[in-house]
Structure formats: C-alpha cells, structure tokens
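Subject: Structure handover

Hello,

Here is the structure we spoke about, with notes on what turned up in it. Please look through it before you set anything up.

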Amino acid sequence: MHLLEQRILRDGKVLEGNVLKVDGFLNHCIDPAFSLEMGKEFYRLYKDSGVNKILTIEASGIGLACMTGLVFNCSVLFAKKRASKNISNDVYCYEIPSYTHGNTNTVVVSREYLGPEDRVLILDDFLATGAALDGLIHIALQAKSTVVGCGVAIEKAFQDGGERIRRQGYRVESLARISFMSPQEIRFAPD
C-alpha cells in the first residue's frame with residue numbers, strides 16, 4: 001500500500017533494536033481516517049473469504065482492527081494480555097513473547113466470543129518474529145475456528161516471522177513490507 005509506505009517515510013522513526021516508531025498515526029495516537037483506508041485495503045484483499053470475525057491482540061492492534069471491522073461489518077475480538085474480573089475463567093489462552101516489550105504474556109480470549117462457526121481474519125499492526133500471529137492462530141485453532149488469513153499493517157520482511165507463518169500454510173497480507181531499515185534509511189520490499 002503505497003499510501004502507508006509514504007506515511008512511514010514521512011512520520012516513522014527507526015530506533016535502536018530494529019524498532020520502527022509509528023505511534024504518531026498507527027498505534028498510540030491513531031489517525032482514524034488513515035486506519036479506515038487500511039481497513040478498506042484489507043477488505044479488498046479478503047472480501048471473498050467469508051470473514052465474520054476479526055481477531056487481534058491488545059493494545060496496538062485494536063484501532064486498526066476496529067476500523068477494518070467497520071468495513072467488513074463484523075465483530076472485532078481482542079486477546080487480552082492479562083486476566084480481568086469481567087472475563088470468566090472459561091477462556092482460550094496462549095503464551096506469546098513480545099519482541100517490542102521483551103516479555104511474555106499469557107493472552108486470553110473468552111470462549112463466549114469465538115467458536116467453530118467463526119471465519120477469522122487475524123490482524124496486527126506489526127509482524128517481525130511472528131509470535132503474536134502464532135499465538136492468535138493457536139487461540140483460533142483451540143476454538144475450532146477457521147483462520148482465513150492474517151493481515152498486518154507493517155511487516156519487517158528482513159525478519160523471518162512472515163515467511164514462517166506463510167510456510168505453515170496461512171495467507172499473510174502485509175500493507176507495507178520493509179526489507180531494510182536504519183535510522184538513516186527505510187527500504188520497502190517489492191510487491
């Protein structure tokens with residue numbers, strides 16, 4: 001998505017540790033109109049897949065997932081990184097290491113909201129190691145849901161996560177694929 005690549009070049013900053021800071025429009029301070037355009041692109045890519053549920057992980061994937069849910073006219077469900085009093089103990093759970101935060105979270109999804117009737121599109125803001133997508137796929141499989149594919153705003157194509165998920169047989173569509181990044185330069189993989 002050329003529009004996203006241009007926004008990354010304009011507003012993104014590469015920090016130490018291969019961290020791309022795009023929190024001014026994607027995952028901290030969210031640009032809703034821009035997120036809606038990304039949602040429309042995910043719809044274009046997956047409109048014939050029978051998506052009836054979008055699954056993401058808190059917190060940075062929620063904004064993009066909600067805008068995409070509007071376009072698909074379906075529910076958005078997010079895996080919570082910590083148990084809370086408003087979720088029963090009847091949950092699917094999976095441990096997911098976080099590249100960005102350097103920790104492991106046991107994420108949970110209530111069994112009430114995910115089941116065999118669901119055709120799930122998994123969305124996230126970033127794909128690097130693939131750990132978040134792996135975890136969300138495992139949760140969907142626990143629910144006996146059908147994973148129609150994964151959508152990612154930004155894939156770090158120089159890391160192995162995307163290819164590893166694709167080798168498992170899952171469709172992964174990334175709106176921007178970065179092949180190289182440094183504080184001085186960001187290069188995108190060809191389409």
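For the helix packing below, axes are lines fitted to C-alpha atoms over the stretch in contact, and angles run from 0 to 180 degrees between N-to-C directions. Note also that this is a predicted model.

Helix packing

Helix α1 covers residues 2-11 and helix α3 covers residues 32-46; they pack at an angle of about 145°, and their axes are 10 Å apart. On the α1 side the contact involves Leu3, Leu4 and Arg7, which meet Phe34, Glu37 and Met38 of α3. By class, the residues of this contact are 4 nonpolar and 2 charged, with no polar ones.

Second largest pocket

The volume of the second largest pocket is about 180 Å³. Its lining consists of 15 residues, and those nearest the centre are Met1, Glu173, Ser174, Leu175 and Asp191. Two elements, α3 and β9 (172-182), each give two or more residues to the lining. Strand β9 supplies the largest share, 6 residues. The lining divides into 7 nonpolar, 7 charged and 1 polar.

Salt bridges

The count is 15 salt bridges.

Glu41 pairs with Arg44, with 2.7 Å between the closest N and O atoms. Both residues are in helix α3, 3 residues apart, which means that about one helical turn separates them. Arg44 has a relative accessible area of 48%, so it counts as partly exposed, the class between 20% and 50%.

Asp90 and Arg111 form another salt bridge, the closest N and O atoms being 3.0 Å apart. Asp90 sits in the loop between β4 (75-79) and β5 (91-98), and Arg111 in the loop between β6 (103-110) and β7 (119-127), so this pair ties together parts that are 21 residues apart in sequence. Asp90 is partly exposed at 45% relative accessibility, and Arg111 is partly exposed at 38%.

Arg187 and Glu185 also meet through their side chains in a salt bridge, at 3.2 Å from N to O. Arg187 is partly exposed, with 40% relative accessibility, and Glu185 is partly exposed, with a relative accessible area of 34%.

Regards

Conventions:
Residues are numbered from 1 along each chain as its sequence is written. This is a predicted model: local features need pLDDT of at least 70, side-chain atom pairs count only at pLDDT 80 or more; totals for chains, interfaces and linings use all residues. Side-chain values use heavy atoms; hydrogens and water are left out. Helices (H or I, at least four residues) and strands (E, at least two) are DSSP runs, numbered from the N terminus. Contact means heavy atoms within 4.5 Å. Ala, Val, Leu, Ile, Met, Phe, Trp, Tyr, Cys and Pro count as nonpolar, Asp, Glu, Lys and Arg as charged, and the others, Gly among them, as polar. On a 1 Å grid over the protein atoms alone, a cavity is a set of points where a 1.4 Å probe fits but cannot get out, and a pocket is an open set with protein on both sides within 12 Å along at least five of seven lines; lining residues have an atom within 4 Å of a point. Grid points are joined across faces, edges and corners, and a volume is the space filled by probe spheres set on the points. A salt bridge is a side-chain nitrogen of Lys or Arg within 4 Å of a carboxyl oxygen of Asp or Glu. Buried means under 20% relative accessible area, exposed over 50%, partly exposed in between (1.4 Å probe, protein chains only).
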